[in-house]
Amino acid sequence: MSKRTRIINDPSELVPLLQVFGSQRHKKVFDALLNLWMTKEDLEDLLGTDVTKSINILKKSGLIESQWHMPEPGKTPEKEYRTSYSKVQTNFQCSFEDMSDIIMLTFMPYEEVKDAIEELEQLVEQGNDSMSSLTRAMNKSPLYIRAVARRSDKLSVMGQRLKVLLSGETE
């Protein structure tokens, strides 16, 4: 098992982590990848379910790494995955209001947070990608904006800017 430590300095980084460990399916995928490199097919055989969403959220949260697996001659190479970190260290301070926003945004059903996600995605797609202008446009705190962006499948937080992810791209 890797002995790397994930350092979290931004409370909004908790959004994908809480999503992963708040779901039995995602947690089982994470646990399966703790010690072994496994392909998506291997994971699906082991767990008996589609793991695409779990792999995507684990990638977005930076908890897994991938490499190409070379099969027998004549077969197509496949990506295999394993966890990147075995420990976590947090180092941040925020208000209870911000922490409550993060927790609510994490566990709200998608339909309840969909409007905020779509508004933010639309603003960024139109070129409004700086945190200061987004906070003014949405009248929300920078932490709230980053938390919504981390809940989105289309956006990536890059310091004080947001970026639209190309299809198939991860953070």
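Me: Is R6 buried or exposed?
Reply: In this predicted model, R6 is buried, since its relative accessible area is 14%, and buried here means under 20%.

Me: What does the side chain of R6 meet in a salt bridge?
Reply: The side chain of R6 meets that of E13 in a salt bridge, with a distance of 3.1 Å from N to O. E13 also counts as buried, at 16% relative accessibility.

Me: Why can side chains like that pair at all?
Reply: Side chains of opposite charge can pair when their charged atoms come close.

Me: How many salt bridges does a search of the whole structure find?
Reply: The search finds nine salt bridges, and one of them joins the side chains of R150 and D10, at 3.5 Å from N to O. That pair links distant parts of the chain, because R150 sits in helix α8 (residues 142–151) while D10 sits in the loop between β1 (5–8) and α1 (14–21), and the two are 140 residues apart.

Me: And R150 and D10, are those buried or exposed?
Reply: R150 is buried, with a relative accessible area of 11%, and D10 counts as buried too, at 13% relative accessibility.

Me: How accessible are E44 and K40?
Reply: E44 is partly exposed, with a relative accessible area of 25%, and K40 counts as partly exposed at 32% relative accessibility.

Me: Which residues gather in the patch of negative charge on the surface?
Reply: The patch is formed by E41, D42, D45 and E78. Helix α3, which covers residues 40–47, gives the most to this negative patch, with three residues.

Me: What about D42, where is it found and how accessible is it?
Reply: D42 is found in helix α3, and D42 is partly exposed, with a relative accessible area of 34%. Patch residues need over 30% relative accessible area, so the 34% of D42 passes that cut-off.

Me: Last topic: which residues does UniProt list for "coiled-coil region"?
Reply: The UniProt record, an unreviewed entry, lists residues 110–137 under that name. In the model, the chain over residues 110–137 is 82% helix and 0% strand, and the end C-alpha atoms are 22 Å apart.

Conventions. Residues numbered from 1 in each chain as written. Predicted model: local features only at pLDDT ≥ 70, side-chain atom pairs only at ≥ 80, totals over all residues. Heavy atoms only, no water. UniProt positions renumbered as here; feature names shortened; annotations may be inferred. Helix = DSSP H or I, 4+ residues; strand = E, 2+ residues; numbered from the N terminus. Patch = residues over 30% accessible without salt bridge, like charges linked within 9 Å, V, L, I, M, F, W, Y side chains within 5 Å. Areas by Shrake-Rupley, 256 points an atom, 1.4 Å probe, with all protein chains shown as cover. Salt bridge = Lys/Arg side-chain N within 4 Å of Asp/Glu carboxyl O. Lys, Arg positive; Asp, Glu negative; His and termini not counted. Charge placed at Lys NZ, Arg CZ, Asp CG, Glu CD. Buried < 20%, exposed > 50% of the residue type's maximum accessible area, 1.4 Å probe, protein only.
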